[in-house]
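Here is a short briefing on one protein model. Look at the sequence and the 3D view first, then read on.

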Amino acid sequence: MTAPWRVGTRGSALALTQTKQTADRLVRHRDGAAYELVTIRTEGDVSTAPLASLGGTGVFAAALRQALLAGEVDLAVHSLKDLPTAPTPGLRLAAHPRREDPRDALCSRDGLRLADLPHGARVGTGSPRRAAQLRALRPDLTVVAIRGNVGTRLARIEQDLDAVVLACAGLRRLGLDDAISEALPPAVMLGAPGQGALAVEVREDLSDQDLLAALAALDDADTRASITAERALLATLEAGCSAPVGAYAEVHDGRLHLDAAVVAVDGTDQYRSQASGNATPEGAAALGKLVAEELLGQGADQLIG
């Protein structure tokens, strides 16, 4: 009997849900395939400090990557926005399933939309990017820094906040669509680069042909093109998750379109750029670099810090 694939995951409800959904799709591509989830605690799960003070994006990925390199798991499933743009020696991102809704979601008392929140309303978020765009859109709001899992953040609406901003993708994967008062379109609020997308990571020397075939079948070409452009932009800006950078790319009629913005943390200034290019891997990377260089030419580096 073939040994089950060992799939590394964080232990939050969202991580377990999206990892199981991904693993379920993988095993459909091999007769008699099975998997077991291996839950790994990361620094980002253990600490309650702000993410920026922990070093940013990689705090949710480092422990999973160490387990992969040590041979404790065969693959790991990440939220793509949790991954640094620099590659990890010995590992590669082997598949990106079709992207879930990339928008930010406003979850509020009485289902109010962003424009209808009362003057001075308290809105919670743990993201500098969301905080910056909220202040730019509604300078009268009181933006409150929060952390915790999805359930913990939603509970704050009944306690001391009027609303919170979360990712549509996470809420939908957890079956919490009813919590969304308003899905904010990219024209209003740009999500984080890679938001809504997952990444399946493996060792570079992976030789399991069945797993390689399953990963190839899972990979979505349009999603890969979009996130390649977004992450190339982030890399060129030399920005991490603590930087107020929003980006969204999508493929239309074979062309890749990228829209990006860098917003001052206090919301008083912003730079925005967009462009289109080829949806090939090379074209996507070039497009991300092009838009980033346009933003830098405008002076966006002054806001990234």
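Leaving aside its neighbours within four places in sequence, which residues is Gln 133 in contact with? They are Val 188, Met 189, Leu 190 and Val 263. Keep in mind that this is a predicted model.

**Gln 133**
- Gln 133 sits in helix 5, which spans residues 128–137.
- Its relative accessibility is 7%, so Gln 133 counts as buried. The cut-off for buried is under 20%.

**Nonpolar cores**
- The largest nonpolar core has 24 residues. Leu 233, Leu 237, Val 245, Leu 258, Val 262 and Leu 295 have the most contacts inside it.
- Five elements are named as giving two or more residues to this core: helix 9, strand 11 (245–252), strand 12 (255–263), helix 10 (281–298) and helix 11 (301–304).
- Another core, of 19 residues, lies apart from the largest one. Trp 5, Val 77, Val 200 and Leu 218 are among its members.
- Take Leu 295, and leave aside its neighbours within four places in sequence. Leu 295 is then in contact with Leu 233, Leu 237, Ala 260, Val 262, Tyr 271, Arg 272, Ser 273 and Ala 300.

**The second largest pocket**
- This pocket has a volume of about 400 Å³.
- Its lining is made of 19 residues. Thr 85, Ala 86, Pro 87, Leu 93 and Arg 231 lie nearest the centre.
- Strand 4 (91–95) and helix 9 (221–237) are the elements that give two or more residues to the lining.
- Helix 9 supplies the largest share, six residues.
- Sorted by class, the lining has nine nonpolar, six charged and four polar residues.
- Domain 1 (5–96 + 197–219) and domain 3 (228–298) each provide at least three lining residues.

**Two residues with positive phi**
- Most residues other than glycine have a negative phi. Asp 110 has a positive phi, near 60°. Glu 238 has a positive phi too, of about 55°.
- Where is Asp 110 placed? It is in the loop between strand 5 (104–108) and strand 6 (122–125).
- Asp 110 has a relative accessible area of 79%, so it is exposed.
- Glu 238 belongs to the loop between helix 9 and strand 11.
- Is Glu 238 buried or exposed? At 71% relative accessibility, Glu 238 counts as exposed. The cut-off for exposed is over 50%.

Methods: Residues numbered from 1 in each chain as written. Predicted model: local features only at pLDDT ≥ 70, side-chain atom pairs only at ≥ 80, totals over all residues. Heavy atoms only, no water. 1 Å grid on protein atoms, 1.4 Å probe; cavity = no way out; pocket = protein on both sides within 12 Å on 5 of 7 lines; lining within 4 Å. Points joined across faces, edges and corners; volume = space filled by probe spheres on them. Helix = DSSP H or I, 4+ residues; strand = E, 2+ residues; numbered from the N terminus. Nonpolar A, V, L, I, M, F, W, Y, C, P; charged D, E, K, R; others polar. Domains from an automatic or database assignment. Core = buried A, V, L, I, M, F, W, Y, C linked by side-chain atoms within 4.5 Å. Buried < 20%, exposed > 50% of the residue type's maximum accessible area, 1.4 Å probe, protein only. Contact = heavy atoms within 4.5 Å.
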